[in-house]
Amino acid sequence: MKDSSTVAVAMAAFVAFAMGCPGPEEEAGTDDTAASAGDDTAGSPGDDTAAPDPLATDDDLDGFAENDGDCNDRNDGVYPGARERSHDGVDSDCDGEDLPALSEDRFDEALPLLDTDGDQAVSFAEFETACARSAMVVDAANPGVVQTHVSCGGTNSCRGMVLHSWEALYEHDCRGVNSCAGWSCVETATDAGRDGATAFTEARCDWCHSGSDGGFLVQVPAGEDPDAWVEGFLERTDAQFLAAIAFGVSGVSADGVAYADMPAHYGVLSRAEMETLIAYVRTLPIEGPSDG
Ligand code: HEC
């Protein structure tokens, strides 16, 4: 440990170059600056007792320096007591390990919460209900929306809970979902209490769906018959609307071309706001591309 009074003397000069400074090893070459600033306490050049202790500096401003147990002082999401996310490969709370993937044991723990009809299995509807109520069994979260996936494609930008098709359940945070199939309950944005019209503009639906007569302009995917598509638009279920609004519309066409026609909105709208928005869209006059 280094002498803290020495640290205080040199600190003022040190701060100027400590911001964004590399780790302790690299700082070994900066003794000149520290020595001239704190010359009464400095030892011989190369004696690093004159320099403030970089391990006592909270570089990432998360409230913890390395000396306080911050195991990564360059990531403000990592410090003792930080929220740990399983399976993301990051030891967020600095207890020496990443929370392991939830095991089958954890599934047994979650089963009673998810399995409302008591048949010892979790149906899509049950998972959906649990997700809408609270995204994660493992932690508090904003009510979520379910994304169905046959592979991990498309689940790399969200935080949520995955129920694998083989009934393993775990929480994920972007990086941990590269070997999955099943359903993800994905956390949504915090509810801002927006009504349908406000959500429509603030989520920028108007950019692509504003009709010239003030109605909802239906976008017709390539290859579809416009009249039939517009005609059948409101026959979609709320669940279909929800999936499109939450996760957007993207895929790979029959001829192998990837498309992303509509952006995902789960990070912009809360679940309740999406539902309010769907009800609002249903009240709007529907316009097709050829109208107006
Ligand atoms: C960047 C443009 C864009 C924005 C922003 C956008 N959409 Fe879309 N939306 C599209 C396109 C394009 C389609 C047609 C899908 C396709 O071409 O594959 C579509 C399709 C839809 C569908 C039908 C989805 C389906 O099941 O086929 C709904 C419902 C919808 N949008 C609602 C909304 C709402 C509500 C918002 C705001 C939260 C919104 N969109 C924002 C471009 C957009």
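**Close-up views of a predicted chain with its ligand**

By class, the shell around the ligand comprises 13 nonpolar, four polar and three charged residues; here Ala, Val, Leu, Ile, Met, Phe, Trp, Tyr, Cys and Pro count as nonpolar, Asp, Glu, Lys and Arg as charged, and the others, Gly among them, as polar. The model is predicted: local features need pLDDT of at least 70 and side-chain atom pairs count only at pLDDT 80 or more, whereas totals for chains, interfaces and linings use all residues. Residues are numbered from 1 along each chain as its sequence is written.

**View 1. The shell around the ligand.** Of the 20 residues around the ligand, Cys205, Cys208, Gln219, Pro221 and Met262 come nearest; a residue is near a molecule if its C-beta atom, placed from the backbone, lies within 6 Å of it. At least two shell residues are supplied by each of helix H6 (205-209), helix H8 (238-247), strand E7 (258-262) and helix H9 (271-283). Helices (H or I, at least four residues) and strands (E, at least two) are DSSP runs numbered from the N terminus.

**View 2. Helix H9.** The 13 residues of H9 should span 18 Å at 1.5 Å a residue, and the 19 Å between its end C-alpha atoms agrees with this; the expected span is 1.5 Å times one less than the number of residues. Arg271, Glu273, Met274, Thr276, Leu277, Ile278 and Val281 are the buried residues of H9. A residue is buried if 20 or more other C-beta atoms, placed from the backbone, lie within 10 Å of its own, exposed if 12 or fewer, and partly exposed in between.

**View 3. The largest nonpolar core.** This core has 25 residues, and those with the most contacts inside it are Phe127, Val145, Ala246, Met274 and Leu277. A nonpolar core is a set of buried Ala, Val, Leu, Ile, Met, Phe, Trp, Tyr and Cys residues joined through C-beta atoms within 7 Å. Helix H4 (124-133), strand E1 (144-149), strand E4 (182-187), helix H5 (196-202), strand E5 (216-217), H8 and H9 each supply at least two residues of this core. The core lies between domain 2 (104-187) and domain 3 (196-287), because both give residues to it; the domain bounds come from an automatic or database domain assignment.

**View 4. Ala246 and Tyr266.** Not counting residues up to four places away in sequence, Ala246 touches Val145, Ala264, His265, Tyr266 and Met274; contact requires C-beta atoms, placed from the backbone, within 7 Å. Tyr266 lies in the loop between E7 and H9 and counts as buried, with 25 C-beta neighbours inside 10 Å. Its C-alpha atom is separated by 7.9 Å from that of Val186, 80 residues apart along the chain.

**View 5. Phe200 in helix H5.** Phe200 is found in helix H5 and counts as buried, with 20 C-beta neighbours inside 10 Å. Beyond residues up to four places away in sequence, Phe200 touches Cys205, Asp206, Leu277 and Tyr280. Phe200 and Met274 are 74 residues apart in sequence, with their C-alpha atoms 9.5 Å apart in space.

View 6. Most residues other than glycine have a negative phi. Leu61, which is not a glycine, has a positive phi of about 55 degrees; Leu61 is placed in the loop between helix H2 (31-37) and helix H3 (104-114). With 8 C-beta neighbours inside 10 Å, Leu61 counts as exposed. Cys94 is found in the loop between H2 and H3, and its phi is positive, near 60 degrees. Cys94 is partly exposed, with 18 other C-beta atoms within 10 Å.

Notes: Contact = placed C-beta atoms within 7 Å.
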